[in-house]
Amino acid sequence: MSSVSEAMPAIPAKPNFSLWLKQIRAIFWLEIEKNFFSRRSILIYLLALLPLLPLTVIAVFQPNTNEFRDFRQLSLTYAFLYNGLILQTVVFFGCAWIFMNLFRGELVDRSLHYYFLSSVRREVLVVGKYISGLVTSILLFTGTTIVSMLLLYLPLFYSESVRFFSGGQGLKHLVTYASITILACVGYGAFFTVVGLFVRNPIIPALVLYGWEWINFLLPPLLKKISVVHYLKSLMPVPMSEGPFAVVAEPTPAWLAIPGLILVTAIVLVISGYRIRKMEISYGSD
Amino acid sequence: MVAENQFITFDNVSKFYGEILGVNRVNLQIAPGITSLVGPNGAGKSTLMNLMTGLLRPTRGSIKVLGIRTDQPEQLFRAVGYCTQFDSFPRGVTGREFITSFLLVHGFNKKRAQELCDVALAHVNLLEAADRKVAAYSKGMRQRIRLAQSIAHEPKVLILDEPLNGLDPMVRAETIALFRKFASEGLHLIISSHILHEVDMMSDRVVLLNNGYIVAEGNIHGVRDEMEEHPMQILIRCDNPSKLAAYVFEHDHVVEARLHEDRRGLFIRTRDADRFYLLLNRVVAEGGINVESIAPVDDDLSAVYQYLIGTTGGSA
């Protein structure tokens, strides 16, 4: 066996960004393969396809109700569908599954130690895994967002929809919804990554957050701000009524909502890095 | 003055799992060569290895591997390879993918990773099976691919938790030869095993553990010599064992002399083996007795293990 210095990339005397990038890339591709092609990914595909099922039924049977007969009503119909089914269900649980499994899944499989036994900073591991989760969730759920919107509009009002999306408000709406989905993946992703690192059974905190996000419309304005969904709803292109019991609060402007969400995400990722630095693995052996 | 970066050093290390003791007050300095950790299940062998590699953090004390702290994986695993006992793998990978993917995580470029992977696979004779899924491997093959993964980045320190488990006798012999080769190249090998005769055969020194404590460490014969409460047993084959018994029994370091069943040998128990051998030389020189052979009966790891830990250890 030759000496280590011949084999290993040079030992960095100071932060070695090019080595970190190389390692992040390696971790990213390993994780992407797992996210898209493992048995666990079947659930994510099913979840991503979930909103397309009722929309396909609507496209085929074209119901005779106002929501679907009036083109101007469709944007409101989609807003409700997006908020209730896509954002607060598919994206939420999809991110929970993807990001909590980044570490928890490998602990269950007893394969996390292979990363821990590589010459890689553990914080770099968090970044590589988080980016892979982010890319996976963004590709799947942004795809769901776009396809479901097109699936609602095009079969019902083809020519109006083509005009709507090519020159009118449609494209703006589409881009805004896709951006909200991306931000949701960023925010929920960071939350579920850190939960997967701290909690042995992450389902409970996930359900607590789910409940908190759902009752957000009932909360007083100050408490509304301690949530992800409040900032995301503030960005919706079509304002929605939240019912007679809703506590009305000023939406947070985009210039504050977006950087705020990204800042909180960065803080959560730093906490994840700190946590993983101290993490031990024994899988209950010895 | 000992150069810190030549040794693996445990400085008063303890590890508790809540209130349960893992290891306690471990002070060790491990030099290059093969060091075997020996002890019954739960003695703390894997805990010691996991502490050495930063998978566990000591509750007290500090550990350095070639001068590197164990909480710096980015530095530590440039020098260390660890083949754990966990028989688990990332899902769906082939043997080759398993090794190259973690070489890429180390920071090697693709070409170099493939070269190192081939070398490691050749070391464990798995080149032919490299492109098969690990899930389809036999237990012995899985053990070998994990060994290949741990040596692929050419570490200076190899930590191997029960590396011979599941290997057939031929592969065991080849693997031990590989370990000896690495040791002769100046590597540190820390190996845990419960197969005492194999440990005896391959180790330069042993660390005996029981209930989380180190009960003995060092060269096995040195350890045995220091066990004064257990006099050394020696079998002397000769033509007149009765006469020899009478002769040696006059000396106070000989505590027992017993005839062999076939009456052509004598078992001696002595507190000072060196003095006994001098005495025997004198007997032979004076010509009264013809000695055919002299063999220590309990100067091996099995005996030391039995005296210190109280069981016979593993033998299969």
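Me: Why are α3(A) and α6(A) called roughly antiparallel to each other?

Reply: In this predicted model, helix α3 (residues 41-49) of chain A and helix α6 (residues 71-109) of chain A pack at an angle of about 170°, and angles over 145 degrees count as roughly antiparallel, so α3(A) and α6(A) are roughly antiparallel to each other. The angle runs from 0 to 180 degrees between N-to-C directions of lines fitted to C-alpha atoms. Residues are numbered from 1 along each chain as its sequence is written, and chains are lettered from A. Local features need pLDDT of at least 70, while side-chain atom pairs count only at pLDDT 80 or more.

Me: Which residues of α3(A) and α6(A) meet, and what is their make-up by class?

Reply: L43(A), I44(A), L47(A) and A48(A) in α3(A) meet residues of α6(A), including F93(A), G94(A) and W97(A), where contact requires C-beta atoms, placed from the backbone, within 7 Å. By class the contact has eight nonpolar, one polar and no charged residues; Gly counts as polar, whereas Ala, Leu, Ile, Phe and Trp count as nonpolar.

Me: What makes β11 and β13 of chain B a pair?

Reply: Two strands pair if DSSP finds at least two bridges between them, and strand β11 (residues 232-238) and strand β13 (residues 265-270) of chain B have six, in the antiparallel sense. Among the partners, I236(B) is bridged to L266(B) in β13(B).

Note on methods. Helices (H or I, at least four residues) and strands (E, at least two) are DSSP runs, numbered from the N terminus. Angles under 35 degrees count as roughly parallel, over 145 as roughly antiparallel, 65 to 115 as roughly perpendicular and the rest as oblique. Two residues are in contact if their C-beta atoms, placed from the backbone, lie within 7 Å.
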